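User: Hi! I have a structure open and I'm new to this. Could you walk me through it?

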Amino acid sequence: MSHLYVKGSTVFFNSVTSTTTDKASTLQSFGKGADGRPGTLLRIAATDVKNIATFSAFPDENELVASLNCSCRVVSVLESAEVSFIAA
């Protein structure tokens, strides 16, 4: 999926998007993508997200939700053998 993110492009999420502030847990549980291709990890500097920890069955996940049709500009794309890291 990392091939869809090109530096300088804008990415639109057409549904409600969930993310977390827990970088350590994310990296521990992050695996390979579909069909043996590398996984794709997005780091998002968000300004308009909602913290839903108080409503979550798993408040320790530090879950944030971005609204429908939010957009991000791809700042950089870094790839390794196992993980593609995209800064947006």
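**Pockets, strands and loops**

Analyst: Happy to! Let's start with a pocket: β6 contributes four residues to the lining of the second largest pocket, the most of any element.

User: Where is β6, and which elements each supply at least two residues of that lining?

Analyst: β6 covers residues 70-73, and both β2 and β6 supply at least two lining residues each.

User: How much space is in the second largest pocket?

Analyst: The second largest pocket holds about 210 Å³ of space. It is lined by 16 residues, and those closest to its centre are I44, A46, T47, S71 and C72. Sorted by class, the lining has nine nonpolar, five polar and two charged residues.

User: And the largest pocket, how much space lies in that one?

Analyst: There the figure is about 560 Å³. Its lining is made of 19 residues, with T19, T20, T26, L42 and R43 the closest to the centre. Two or more lining residues come from each of β2, α1 (23-29), β3 (39-43) and β5.

User: Which element gives the most to the largest pocket?

Analyst: That's β2, which gives four residues to the lining. By class, the lining of the largest pocket splits into eight nonpolar, six polar and five charged residues.

User: Let me zoom out. How many helices and strands does the chain have?

Analyst: The protein chain has one helix and eight strands. Along the sequence they follow the pattern β-β-α-β-β-β-β-β-β. The chain has 88 residues, and 24% of them count as buried.

User: Is this from an experiment or a prediction?

Analyst: This is a predicted model. The mean pLDDT of the protein chain is 78, and 72% of its residues reach 70 or more.

User: Which elements have the lowest and highest mean pLDDT?

Analyst: Strand β8 (residues 83-87) has the lowest mean, 60, while β4 has the highest, 91.

User: Good to know. Which strands form the open sheet?

Analyst: Three strands do, in the order β2-β5-β4, with antiparallel pairing. The strands β2 (17-20) and β4 (49-51) each have a single partner strand, so they stand at the edges and one side of each has no neighbour in the sheet. On average, neighbouring strands of this sheet are turned by 30° against each other, ignoring direction.

User: What actually holds strands in a sheet together?

Analyst: In general, strands of a sheet pair through backbone hydrogen bonds, either parallel or antiparallel.

User: How many bridges join β2 to β5?

Analyst: Four bridges join β2 to β5, and the two run antiparallel. To find one of them on your screen, look for T20, whose bridge partner in β5 is E63.

User: And how many bridges join β4 to β5?

Analyst: Three bridges link β4 to β5 (residues 63-66), again running antiparallel.

User: Are the faces of β5 covered or open?

Analyst: Both faces are covered.

User: What about N69, what is its phi?

Analyst: N69 has a positive phi of about 65°, and N69 is not a glycine either. N69 sits in the loop between β5 and β6. At 47% relative accessibility, N69 is partly exposed.

User: Last one: where is V77, and how far is it from G8?

Analyst: V77 lies in strand β7 (residues 76-79). V77 and G8 are 69 residues apart in sequence, and their C-alpha atoms are 10.0 Å apart in space. With a relative accessible area of 27%, V77 is partly exposed.

Technical notes: Residues numbered from 1 in each chain as written. Predicted model: local features only at pLDDT ≥ 70, side-chain atom pairs only at ≥ 80, totals over all residues. Heavy atoms only, no water. Pairing = 2+ DSSP bridges. Axes fitted to C-alpha atoms, helices over the stretch in contact; angles between N-to-C directions. pLDDT = per-residue confidence, 0-100. Buried < 20%, exposed > 50% of the residue type's maximum accessible area, 1.4 Å probe, protein only. 1 Å grid on protein atoms, 1.4 Å probe; cavity = no way out; pocket = protein on both sides within 12 Å on 5 of 7 lines; lining within 4 Å. Points joined across faces, edges and corners; volume = space filled by probe spheres on them. Nonpolar A, V, L, I, M, F, W, Y, C, P; charged D, E, K, R; others polar.
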